[in-house]
Amino acid sequence: MAGFQAEKQLVTKFYAALQADQGRGSSKVMADFCAPDLHWRGFHPFNEIIGAEAVGENFWSPLL
């Protein structure tokens with residue numbers, strides 16, 4: 001498990017950025033941390049969303 005510390009820190013930074021953002025610019029946070037062609041598969045009513053910024057706008061901003 002010791003080999004995953006860098007990955008754990010990245011995930012921690014991602015969630016900290018989303019929390020600090022409070023949903024105002026989640027699209028930018030997603031663009032900073034994820035590939036632009038992200039294919040996100042979520043639960044109904046979100047289902048599939050294509051693009052990091054679209055996930056921020058359509059999922060994270062309303063949730064936060």
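## Overall architecture

The protein contains three helices and two strands, where helices (H or I, at least four residues) and strands (E, at least two) are DSSP runs, numbered from the N terminus. Followed along the sequence, these elements give the pattern α-α-β-β-α. This is a predicted model, in which local features need pLDDT of at least 70 and side-chain atom pairs count only at pLDDT 80 or more, while totals for chains, interfaces and linings use all residues. Residues are numbered from 1 along each chain as its sequence is written, and side-chain values use heavy atoms, with hydrogens and water left out.

Along its principal axes, the C-alpha trace spans about 35 × 25 × 20 Å. Of the contacts with a separation of 6 or more, 28% are between residues 24 or more positions apart, a contact being heavy atoms within 4.5 Å.

## Surface and burial

Of the 64 residues, 25% count as buried, where buried means under 20% relative accessible area, exposed over 50%, and partly exposed in between (1.4 Å probe, protein chains only).

Gly3, in the segment before helix 1, counts as exposed at 65% relative accessibility. Gly3 and Ile50 are separated by 47 residues in sequence and by 31 Å in space, C-alpha to C-alpha.

## The nonpolar core

A nonpolar core is taken here as a set of buried Ala, Val, Leu, Ile, Met, Phe, Trp, Tyr and Cys residues joined through side-chain atoms within 4.5 Å. The largest such core has 10 residues, namely Phe14, Leu18, Val29, Met30, Trp40, Ile49, Ala52, Val55, Phe59 and Trp60. Helix 1 (5–21), helix 2 (26–33) and helix 3 (52–63) each supply at least two residues of this core, and the largest share, four residues, comes from helix 3.

Phe14, one of the core residues, touches Val29, Met30, Phe33 and Trp60 when residues up to four places away in sequence are not counted.

Ser26 lies in helix 2 and counts as buried because its relative accessibility is 0%. With residues up to four places away in sequence not counted, Ser26 touches Leu18, Asp21, Gly56, Trp60, Ser61 and Leu64.

Glu53 is found in helix 3 and, leaving aside neighbours within four places in sequence, is in contact with Ser27 and Ala31. Glu53 and His39, which are 14 residues apart in sequence, lie 11 Å apart in space, C-alpha to C-alpha.

## Charged side chains

The protein has 5 positive and 7 negative side chains, and the centres of the two sets lie 9 Å apart. In this count Lys and Arg are positive and Asp and Glu negative, with His and the chain ends not counted, and the place of a charge is taken as NZ of Lys, CZ of Arg, CG of Asp or CD of Glu. A search of the whole structure finds one salt bridge, meaning a side-chain nitrogen of Lys or Arg within 4 Å of a carboxyl oxygen of Asp or Glu. Asp32 forms a salt bridge with Lys28, with the closest N and O atoms 3.0 Å apart. Because Asp32 and Lys28 are four residues apart in helix 2, they are separated by about one helical turn; Lys28 is exposed, with a relative accessible area of 54%.

Asp21, found in helix 1, is buried yet has no salt bridge, and the nearest side chain of opposite charge, that of Arg24, is 5.3 Å away. Leaving aside neighbours within four places in sequence, Asp21 is in contact with Ser26 and Val29.

## Backbone features of the strand loop

Pro45 is placed in the loop between strand 1 (39–41) and strand 2 (48–50), and the peptide bond from His44 to Pro45 is cis, with omega near 15°.

Asn47 is found in the loop between strand 1 and strand 2, and its phi is near 55°, a positive value in a residue other than glycine. Asn47 is partly exposed, with a relative accessible area of 38%.
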